[in-house]
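Please look through the structure shown here with the explanation below at hand. The paragraphs take up one topic at a time.

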Amino acid sequence: TSGGIASTNRNSFVWKYSDVIKGALSIDFDTRGNILVSGALNGVYYIKQNGELKILDEFHAIRAWDIMYNETHQCFYLATSNGMYRFDGAKIKKFNINSPSGTELSTVAGVNPDFIYIGTFGRGLIEYSLADSSHRFFNSSNGLASNTIFFIKDESEGIWLGTEKGIDYVFKDHGKMGNRVVHYGVQDGL
């Protein structure tokens, strides 16, 4: 959005927090009704169930491109211009992902409680283990159409990736990323 966040019901559409949140890139909700919003002009905002708004100062100069809530671990994961973060409603933790310097993360998703998938601008896809912090990289050298990932839709059998060269579907092998990739591009009607 370009004017805060909007709340709707059957009969009305109301802008909220537009004096603080000038635009929103991503939003997700935890199981208690709390909300985490990434601002279009940098910044991350935590809105508690009671309506209290908290600006997370750690992100004042960082763009959070995508937010995902993980019910198993009861926390939010943030893909940012400065790496991967975890926020549990109280504490913020930066992940140590051994990626090339300057890797900007674009999106995050995960249905498996043990893994999250992280898209990047120009470096491909990262499969990150929440159990032991290990991670694997997937990019154009091992089957993806592009190293820029705009969205991830994680399903039990595979992962859909929106790239600058179309859509990739990566089949999983025993719950992890496999090596079989199907590309859908202009030739397929996209």
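Four salt bridges are found in this predicted model. One of them joins Lys172 to Asp154, with 2.6 Å between the closest N and O atoms. This pair connects distant parts of the chain: Lys172 belongs to strand 17 (residues 166-173) and Asp154 to strand 15, and the two are 18 residues apart. Both Lys172 and Asp154 are buried.

Another salt bridge pairs Arg32 with Asp30, where the closest N and O atoms are 3.1 Å apart. Asp30 has a relative accessibility of 6% and counts as buried, because the limit for buried is under 20%. Arg32, at 40%, counts as partly exposed. A further salt bridge runs between Lys48 and Glu52, and its closest N and O atoms are 3.9 Å apart. Lys48 is partly exposed at 31% relative accessibility, and Glu52 is partly exposed as well, with a relative accessible area of 39%.

Now turn to Thr120. This residue is part of strand 12 (residues 115-120). Is Thr120 buried or exposed? Its relative accessibility is 0%, so Thr120 counts as buried. A polar atom of the Thr120 side chain lies 2.8 Å from the backbone oxygen of Gly124. Leaving aside residues up to four places away in sequence, Thr120 also touches a set of residues that includes Thr103, Glu104, Leu105 and Ser106, along with Ile126, Asn147, Thr148 and Ile149.

The surface is the next topic. Which residues form a nonpolar patch there? They are Phe121, Phe150 and Phe151, and together they have about 280 Å² of accessible area. With a relative accessible area of 46%, Phe150 is partly exposed.

Two loop residues remain, and the point of interest is the backbone angle phi. Tyr17 is not a glycine, yet its phi is positive, near 60°. Tyr17 sits in the loop that runs between strand 2 (13-16) and strand 3 (24-29), and its relative accessible area of 23% makes it partly exposed. Gln74 is likewise not a glycine and has a positive phi, about 50°. The loop holding Gln74 lies between strand 7 (64-70) and strand 8 (75-80). Gln74 has a relative accessible area of 48% and is therefore partly exposed, since exposed requires over 50%.

Terms used
Residues are numbered from 1 along each chain as its sequence is written. This is a predicted model: local features need pLDDT of at least 70, side-chain atom pairs count only at pLDDT 80 or more; totals for chains, interfaces and linings use all residues. Side-chain values use heavy atoms; hydrogens and water are left out. Helices (H or I, at least four residues) and strands (E, at least two) are DSSP runs, numbered from the N terminus. Buried means under 20% relative accessible area, exposed over 50%, partly exposed in between (1.4 Å probe, protein chains only). A polar contact is a pair of N or O atoms within 3.5 Å; within protein, one must be able to donate a hydrogen and the other to accept it, and residues adjacent in sequence count only if both atoms are side-chain atoms. Contact means heavy atoms within 4.5 Å. Patches are made of residues with over 30% relative accessible area and no salt bridge: like charges are joined within 9 Å, nonpolar side chains (Val, Leu, Ile, Met, Phe, Trp, Tyr) within 5 Å. Accessible areas come from the Shrake-Rupley method with a 1.4 Å probe; for residues, only the protein chains shown count as cover. A salt bridge is a side-chain nitrogen of Lys or Arg within 4 Å of a carboxyl oxygen of Asp or Glu.
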